[in-house]
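Take a moment to look over the fold below. Then follow the helices one by one.

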Amino acid sequence: MVKIPGFFKGLGVKIGELPLMASKNSMAKANERREAVLKAAAHLFGQLGFDGTSFSIVAEQAGEKKSFVQYHFENKDVLWRETVSYVWLQRNNALPRYIEDISLQRHSPADNKTMIRELCRNILQFTFAHPEWVKIMFQEASAPGPRLDWLVKEFIGTDFIEGRAMIELGQHHGVLPKVHAMDLLHILSGALLYLVSVAPVTERVLGVSPDSPEYMERHIDTLMTLLQQA
């Protein structure tokens with residue numbers, strides 16, 4: 001007779017459930033290792049670009065063997081696409097989905113100003129913590145090709161549509177100036193993402209950290225003042 005170890009028996013686990021538990025634990029561990037590879041790949045694709053990134057470097061950065069990366073990702077193109085999908089999913093999950101909140105139609109102008117501030121704050125906080133999505137976008141935009149076409153089709157095109165809708169919503173509620181929505185989207189995006197992109201320069205020149213809460217709040221205050229005076 002096969003005996004159940006005391007630990008599992010105390011948890012009320014039946015003997016037939018042990019292989020299933022082991023399988024689930026093994027799958028969870030594999031998923032954790034796979035996510036570590038995607039995180040490493042995101043950093044490297046952002047820093048080194050597609051051509052400068054290899055399976056070997058990704059594996060080393062993730063603390064895995066090259067064979068593990070090759071097993072889960074057929075080739076570098078597949079790894080790049082799955083990495084981009086992972087990065088954009090993380091970003092979208094972190095940012096508030098105001099466009100999908102129909103209750104905004106009943107919000108006061110003060111509520112909508114708070115909404116704009118909160119969105120700017122969330123974009124800055126997330127991008128400082130996870131700059132890979134911006135770096136990958138800029139890497140591909142610097143050498144347009146099939147990867148950029150795929151990126152636009154799968155993600156950036158939707159970003160533009162939702163960004164424009166967000167601008168138009170703010171204009172409708174009187175918290176953003178009545179100018180061309182796409183122009184304003186580019187200006188706002190530039191004001192936020194540029195701060196992240198040149199943060200190391202700012203820190204060296206001014207001796208301050210742009211990712212500090214105080215600096216970010218001042219930056220947003222300045223941006224909101226300019227928008228209200230436009």
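Helices are DSSP runs of H or I, at least four residues long, numbered from the N terminus. The model is predicted: local features need pLDDT of at least 70, side-chain atom pairs count only at pLDDT 80 or more, and totals for chains, interfaces and linings use all residues. Residues are numbered from 1 along each chain as its sequence is written, and side-chain values use heavy atoms, leaving out hydrogens and water.

Start with Glu 140, which sits in helix α7 (residues 132-141). Glu 140 counts as buried because its relative accessibility is 3%; buried means under 20% relative accessible area, with a 1.4 Å probe and protein chains only. Its side chain makes a polar contact of 3.1 Å with that of Arg 147. A polar contact is a pair of N or O atoms within 3.5 Å; within protein, one must be able to donate a hydrogen and the other to accept it, and residues adjacent in sequence count only if both atoms are side-chain atoms.

Now find helix α5 (residues 76-94). Its buried residues are Leu 79, Trp 80, Thr 83, Val 84, Tyr 86, Val 87, Trp 88 and Arg 91. Asn 75 caps the N-terminal end of α5: a side-chain oxygen lies 3.1 Å from the backbone nitrogen of Asp 77.

Last, turn to helix α8 (residues 146-172) and helix α9 (residues 181-197). Their axes come within 9 Å and cross at roughly 105 degrees. Axes are lines fitted to C-alpha atoms, for helices over the stretch in contact, and angles run from 0 to 180 degrees between N-to-C directions. So α8 is roughly perpendicular to α9, a label for angles of 65 to 115 degrees.

Definitions and conventions: Helix = DSSP H or I, 4+ residues; strand = E, 2+ residues; numbered from the N terminus. Parallel < 35°, antiparallel > 145°, perpendicular 65-115°, else oblique. Expected span 1.5 Å × (residues − 1). Buried < 20%, exposed > 50% of the residue type's maximum accessible area, 1.4 Å probe, protein only.
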